[in-house]
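Trainee: I would like to learn how to read a few features of a structure. Please give the general idea each time, and then the case at hand.

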Amino acid sequence: MITNTTNWYTSWFDTPFYHILYKDRDDTEAQAFMDTLTNYLNMPELGTILDLACGKGRHAVYLNTLGYHVTGVDLSENSIKHAKQFENDTLHFEVHDMCKPYNKQFDAVFNLFTSFGYFDKDEDNLSTIKAIKANLNDFGFGVIDFMNSEFIIDNLVPEDLKTVDGIDFHLKRYVEDGYIVKDISFMADDENYNFQERVKAFTLDDFQKLFKKAGVHLLDVFGDYKLRKFNAKTSERLVMIFK
């Protein structure tokens, strides 16, 4: 089975293999980031948060344990189906297109772990920023946690092999037409699979132009999950806070 679609994220994110490949993500680091971020934003007690492109809900579930009212949305029906097992009175999950405003406003909208820049059309990226703005109340903050594209490109590992749960994932990485691309091939259950991840290599300057078009104001820029100063050459992350 060879899988290729125009919108790579609609197929790849909905497979169990995506979650197998990335099952070793560091939850401790993610939770520490949420602690640091919510403290920095001085989030109100019982504040409301929209976790935009929430995946299976790992950030949303933890934010809820901190006392926040959290809504997690994602385009992947399978991810949302999985996340719904964690729902309670103050934690909800729903299938939703991030390009469109959600039907509610929040104290904060978090877009975490490079869950941006997937689209082929530039207007979809702009629409997402506008949607985040529409989902913020008068005192709300938007947060985009993106990769630092310049650092990633400078340190790109062209090819490697990662074995998880007995599956050998062959990974190839390269830059093409302004996108950072990862080709993923593997065999499972006697079938060959091929998927691709394509993320626009946005720089801070690119985001600033998007923010200006969307009418939002960039307040702070950080270079890692401890919210240390951003450096285009050495920082691994690009964390932007805006309203």
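Predicted model: local features only at pLDDT ≥ 70, side-chain atom pairs only at ≥ 80, totals over all residues.

Trainee: Which residue forms a salt bridge with Asp224?

Mentor: The partner is Arg228, and the closest N and O atoms of the pair are 2.6 Å apart. A salt bridge here needs a side-chain nitrogen of Lys or Arg within 4 Å of a carboxyl oxygen of Asp or Glu. Salt bridges can also share partners: Glu150, Asp154 and Lys233 are joined that way into one network.

Trainee: Is Arg228 buried, partly exposed or exposed?

Mentor: Arg228 has a relative accessibility of 48%, so it is classed as partly exposed. The class lies between under 20% and over 50%.

Trainee: How many salt bridges does the count come to?

Mentor: The count is 12 by this rule. One of them joins Glu87 to Lys84, with 3.1 Å between the closest N and O atoms. Glu87 is partly exposed at 31%, and Lys84 is partly exposed at 40%.

Trainee: What about Arg237 and Asp145: are they buried or exposed?

Mentor: Both are buried. Their side chains form a salt bridge with an N to O distance of 3.0 Å. This pair ties together distant parts of the chain, since Arg237 belongs to strand 11 (residues 237–242) and Asp145 to strand 5 (residues 136–147), 92 residues apart.

Trainee: What else does Asp145 touch?

Mentor: For contacts, set aside residues up to four places away in sequence. Asp145 then touches Phe33, Asn111, Leu112, Phe113, Thr114, Tyr225, Arg237, Leu238 and Val239. The relative accessible area of Asp145 is 1%, so the residue counts as buried.

Trainee: Thr114 is on that list. What is the phi of Thr114?

Mentor: The general idea is that most residues other than glycine have a negative phi. Thr114 is not a glycine, yet its phi is positive, at about 50°. Thr114 sits in the loop between strand 4 (106–111) and helix 6. With a relative accessible area of 13%, Thr114 is buried.

Trainee: Where does Asn42 lie, and is it buried or exposed?

Mentor: Asn42 is in the loop between helix 3 (27–40) and strand 1 (48–52). Its relative accessible area is 65%, so Asn42 is exposed. Asn42 also has a positive phi, about 55°, without being a glycine.

Trainee: How do I read the burial of a helix?

Mentor: In an α-helix there are 3.6 residues a turn, so residues three or four places apart point the same way. For helix 4, the buried residues are His59, Ala60, Tyr62, Leu63 and Asn64.

Trainee: What covers the buried residues of helix 4?

Mentor: The cover includes helix 3, strand 1, strand 2 (69–74), strand 3 (91–95) and strand 4. After helix 4 comes Gly67, with a positive phi near 105°.

Trainee: Which residues touch the most other members of the largest nonpolar core?

Mentor: They are Trp12, Ile144, Phe146, Phe169 and Phe186, in a core of 48 residues. Another core, of 25 residues, lies apart from it and has Ala60, Phe93, Phe110 and Leu112 among its members. As for Phe146, its contacts beyond four places in sequence include Thr114, Phe116, Val199, Phe202, Arg237 and Leu238.

Trainee: Which residues line the second largest pocket?

Mentor: The lining consists of Asp122, Glu123, Asn125, Leu126, Phe202, Asp206, Lys209, Leu210 and Lys213. Helix 6 (122–134) and helix 8 (204–214) are the elements that give two or more residues to this lining. By class, the lining has 5 charged, 3 nonpolar and 1 polar residues. The space in the second largest pocket is about 150 Å³.

Definitions and conventions
Residues numbered from 1 in each chain as written. Heavy atoms only, no water. 1 Å grid on protein atoms, 1.4 Å probe; cavity = no way out; pocket = protein on both sides within 12 Å on 5 of 7 lines; lining within 4 Å. Points joined across faces, edges and corners; volume = space filled by probe spheres on them. Helix = DSSP H or I, 4+ residues; strand = E, 2+ residues; numbered from the N terminus. Nonpolar A, V, L, I, M, F, W, Y, C, P; charged D, E, K, R; others polar. Buried < 20%, exposed > 50% of the residue type's maximum accessible area, 1.4 Å probe, protein only. Contact = heavy atoms within 4.5 Å. Core = buried A, V, L, I, M, F, W, Y, C linked by side-chain atoms within 4.5 Å.
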